[in-house]
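Here are a few notes to go with your first look at this one. Have the viewer open as you read.

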Number of protein chains: 2
Amino acid sequence: MSKRTARGDETRRQILAAATDLFHKQGVAATSPDQIIEASGTGKGQFYHHFKSKEGLVHQVLQTYLETIRNGGGPLNYHITSWDDLGQWFRGQLALQKRYRMTRGCPFGTIGNEVTENDELIRQDLSLIFEVAKARLATFFVKEKASGRLDPSVHEEQLADFCLAMIQGAMLMGKVKRDSHLVEEVVRQTMAHLGSLRRS
Amino acid sequence: MSKRTARGDETRRQILAAATDLFHKQGVAATSPDQIIEASGTGKGQFYHHFKSKEGLVHQVLQTYLETIRNGGGPLNYHITSWDDLGQWFRGQLALQKRYRMTRGCPFGTIGNEVTENDELIRQDLSLIFEVAKARLATFFVKEKASGRLDPSVHEEQLADFCLAMIQGAMLMGKVKRDSHLVEEVVRQTMAHLGSLRRS
């Protein structure tokens, strides 16, 4: 790799990191290219060299999130093989939220709630993220059911969507109320509900 | 009331209605005063006569929502006195979402996910909306428990927060995926969970 390419990659990485942080903090609509350029310590020319538009940048940010859900490397472990893992996955989201003193929600919820009929690419990206996350959780439920450790009437994908919806709603309300206890309680009730579906 | 005051009230009402619709459709950050002025068929002078800033307008929009949750008159019945009412309350939110072909979420979720550390007034408004909604649901659970029709170990306010978080998350995911079936299924599972807490 030439020095020039390496420097270009680093610039691109800096822009992506700054954009990821700002979108999470304040959403997409409130974030201007100028803010991203300033926060990333890059220049306007570099920004538009790497990303043709803000939409293209949002797309790349979401693709990067998707990659970590698929292949790991993110702050949350989506490779769930036990009930403990599932509990950790729930609590890990709250831990992330606490890191920002409950001033931020889930990045997918923050960007997702902004999506309008004109943001079809972004909506598809988020839809895919929710699909892949659902598949991760559902795979665990499928194995548990196949081993007789989960109520046979459970629809695994629907239960996974239930978990995802719950954590999205809990993080939104936790952010609005700046209340980590609320999120803990909603997670506790969800785990209790899941527990009632377990069979030994 | 003088003609002049009546006309002023009507202008104010038009601006509020247009803003409420645009905030629900695309969020606050994406909505400019100019867009609201155009959608309401009013003028810039009238807009700034009635509302000093966009923040003041968001505050009024949320106060109006709060008023309908407290005193009725909105599309959802928050005066819940039976399990049927509760089911209706859940399904009513999906019906509202379907009216917009699943392109919008809950207005409180849409605005709430945008809230940053600089939006303290708006955050307080939304926090109050969630508190009042929680109290409506919790009041029903308190009565059910007192009558021996709900598991005595239930914490009524926490169960109410659980219901609110669930519908917020379901509507967000329903919007991102344009999928009313997902919302129906999450509501069904929540009602099943609530059903498991009922005592006859």
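What covers the buried residues of α6(A)? Point 2 takes that up.

1. A word on ground rules. This is a predicted model, where local features need pLDDT of at least 70, side-chain atom pairs count only at pLDDT 80 or more, and totals for chains, interfaces and linings use all residues. Residues are numbered from 1 along each chain as its sequence is written, with chains lettered from A and ligands numbered from 1 in the order in which they are written.

2. The cover over α6(A) includes α1 (3–26), α4 (54–71), α7 (120–146) and α8 of chain A, together with α6 (107–112) and α8 (156–177) of chain B. Helices here are DSSP runs (H or I, at least four residues), numbered from the N terminus.

3. Helix α6 of chain A (residues 107–114) is largely enclosed by the rest of the structure, because eight of its eight residues are buried. Buried means 20 or more other C-beta atoms within 10 Å of a residue's own, with C-beta atoms placed from the backbone. Among these residues are Phe108(A), Ile111(A) and Glu114(A).

4. Have a look at Leu159(A), in helix α8 (residues 156–177) of chain A. Leu159(A) is buried, with 23 other C-beta atoms within 10 Å. Leaving aside neighbours within four places in sequence, Leu159(A) is in contact (C-beta atoms, placed from the backbone, within 7 Å) with Phe141(A) and Val154(A).

5. Chain A is assigned domain 1 (1–52) and domain 2 (61–197), with bounds from an automatic or database domain assignment. Their C-alpha centres lie 27 Å apart. Nine residues of domain 1 of chain A are in contact with seven of domain 2 of chain A.

Technical notes. Helices (H or I, at least four residues) and strands (E, at least two) are DSSP runs, numbered from the N terminus. A residue is buried if 20 or more other C-beta atoms lie within 10 Å of its own, exposed if 12 or fewer, and partly exposed in between; C-beta atoms are placed from the backbone. Two residues are in contact if their C-beta atoms, placed from the backbone, lie within 7 Å.
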